[in-house]
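Hello,

I am passing on a structure that I have just been through, and my notes follow below it. Please have a look whenever you have a moment.

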Amino acid sequence: MRVLLISFFILIGVITYTGTANADVILDDWFIDTTMVDTSKTTALVDTTNHWVQLPLQSLANAINMLDNGYGYAVASKNGVTLYEMDDASGKIAINPLYSCSWLTEATGVSMRQDNLNMWVTTADSLTYFKFNGSGMSNDPALKTTGLVNVLSVASFKNKDSSLLLQNINNSAVITRYDAGSNLNSSLTFNSGINNPVAISMVNNSPDFRLFTKDASYYFAYDDYKSNYVADPAKRVTGLSDVIAASSDDKGNSILTDTDASYYINDDSGGASKVDVFSPGPLNKPVAVSLKPGTYEQAIIDGDGNVQWWAYDDATGKMVRDTNLEINAQALNSGYAHPRSYYSKVVDAPYTCTAAHLTVNDNIPIGTSINYYVSSDGGSTYTAITPGIWTAVPAGNRFVLKADLDTTDSQMTPKIYRVTLNCDLDFEITGFIDPQPAERGSKVTILASATKLSTGQEVSLDNCTVEYPLPTFENGDPALPAGESSTKVNMVFNNNTGNWEYKFIVPDKTETGVWPDDGVYQVQITGTKSGVSKNIILNFKISGNILRRLIIRTMNF
């Protein structure tokens, strides 16, 4: 006997949907401006013209230092520190090898004591004091400190073995006084609290100094009673912009941008005023400037290591170059300063979150790196976060994104083009419908569970509800007969399966084109944990009626 059974069944399958539609975007920065950047802490360069974050170029603000007496200057380069002085015989500038330090090929800055030509020299991470020993400059390891970070500038006292070192620490100007004896010792550290520092310059023979930032110059006088520095607001110079280097004496200031050199004379009433006739004017790729005290003469070095000597010419009434005092093509220790950090401003989430998700568009060449961190407590503590992966964080709603940029190749920098930070409670809803598709008259089970976003571990929900079908189809058309509303019920937790469940029988249709006629409807599952609700919307397909299937049986006897 052979029996043939033909049934108009649609194969039953199970489709699982997951989602994180409830996660809130709390930070999305393309770096078109610094509105969302914490500029008080960020030491990386935020380039709002090109719309990216990168390592800044190494500061060369002290790559040249003029002699107070005579005609000459010292240059810090890949050739070490070289002293150039006017050679009376030739009438041109020439190297003085006795007062040069050819071995320090990482030199980035130099400042001379002036009364004896001893010199303070910086590299990207060190400060050294070189003394003349009668036959040349000594190289005493006891007069060197290493392991420094974010070194910007050094200024030597004119008549003693002391200097002031400027560093950028968390985008704040920190000045440390070093004294050279048998060893190199730091005797004072002064955190100015001033952002965007650029360079420091001593004021003649006093211990006073000027601190230059990207947009201002601050005067600090030494207070013997307090044994520290105090600001003199009356001597502050404001209204500057894009300053990359500067040098000063008690009369005025030479201010350098990447396109121009200007001279500002100090006003008796406070502040300073630009004097065009003492300003060299437009320049090509300058990196450092030195003002000869008591004069308007200025030595400027560009990115290619070419030195220009500018002096005021009475005959023409303007600044002119003296090519006899100029040199060409010193290879400077240019490159990217590292490491540096980017910080976002504090962004508030609409509720307490326990997980964060970071999406980035960045470029990390070989030899460079970017490490990302997120804080949920306003920046007090940070958790390492990998882009593209949900990461558990301490419960909080005040978020800060941090990125540490670094390189092992000073000619290469990583870049960040965009950051998007989401936060959420650390769980997501998973749901499925069985059978799928379903028929009118059949029993349907809707199941749901929850797992951690960060680890995938199961999460115990406080309660779970389901609403079906939603009032509209996915395209927005009405999904329910006129006057009817969605069914919303509590689901029941099944200890045996670990799922929340709801079972019902699909009714017969009463109207064409709406529930429960053939079509794809929407079902919403909502799970709640610790007062936070998340939902997921599933597609639910109805096709046919279980009571109207055609069954053909062939029986052979």
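Through how many residues does a hairpin join S7 to S8? The hairpin there uses 2 residues; I come back to these strands below.

A word on conventions. This is a predicted model, in which local features need pLDDT of at least 70 and side-chain atom pairs count only at pLDDT 80 or more, while totals for chains, interfaces and linings use all residues. Residues are numbered from 1 along each chain as its sequence is written, and side-chain values use heavy atoms, with hydrogens and water left out.

**The whole chain**

The protein chain has 46 strands and 0 helices; both are DSSP runs numbered from the N terminus, with helices being H or I of at least four residues and strands E of at least two. Its C-alpha trace spans about 130 × 55 × 50 Å along the principal axes. The radius of gyration of the protein chain is 36 Å, whereas a compact globule of 557 residues would have one near 24 Å (taken over C-alpha atoms; the globule rule is 2.2 Å times the number of residues to the power 0.38).

Three domains divide the protein chain: domain 1 (23-43 + 338-424), domain 2 (64-321) and domain 3 (428-554), with bounds that come from an automatic or database domain assignment. Between the C-alpha centres of domain 2 and domain 3 there are 74 Å.

Of the 557 residues in the protein chain, 51% are buried (under 20% relative accessible area, with a 1.4 Å probe and protein chains only). The protein chain exposes about 25300 Å², and carbon and sulfur atoms supply 48% of that area (Shrake-Rupley method, 1.4 Å probe). Taking contacts between residues at least 6 apart in sequence, 59% join residues at least 24 apart (a contact means heavy atoms within 4.5 Å).

**The sheet S6 to S9**

Here 4 strands make an open sheet in the order S6-S7-S8-S9, with antiparallel pairing (two strands pair if DSSP finds at least two bridges between them). Strand S6 (64-66) and strand S9 (92-95) are at the edges with a single partner strand each, so one side of each has no neighbour in the sheet. On average, neighbouring strands of this sheet are turned by 25 degrees against each other, direction ignored (axes are lines fitted to C-alpha atoms, and angles run from 0 to 180 degrees between N-to-C directions).

Strand S7 (residues 72-77) pairs with strand S8 (residues 80-87) over 6 bridges in the antiparallel sense. Ala76 has Val81 of S8 as its bridge partner, and Ala74 stands opposite Leu83 in S8.

S8 is also joined to S9 by 4 bridges, again antiparallel, and Asp87 is partnered there by Lys92 of S9. These two strands, S8 and S9, form a hairpin with 4 residues between them, and Gly91 in the turn has a positive phi of about 75 degrees.

**The sheet S18 to S21**

Another open sheet of 4 strands has the order S18-S19-S20-S21, with antiparallel pairing. Strand S18 (197-202) and strand S21 (228-231) stand at its edges, and because each has a single partner strand, one side of each is left without a neighbour in the sheet. The twist averages 30 degrees from one strand to the next.

Strand S20 (residues 217-223) runs antiparallel to S21 and is joined to it by 4 bridges; Ala221 has Val230 in S21 as its bridge partner.

Best wishes

Notes:
Buried < 20%, exposed > 50% of the residue type's maximum accessible area, 1.4 Å probe, protein only.
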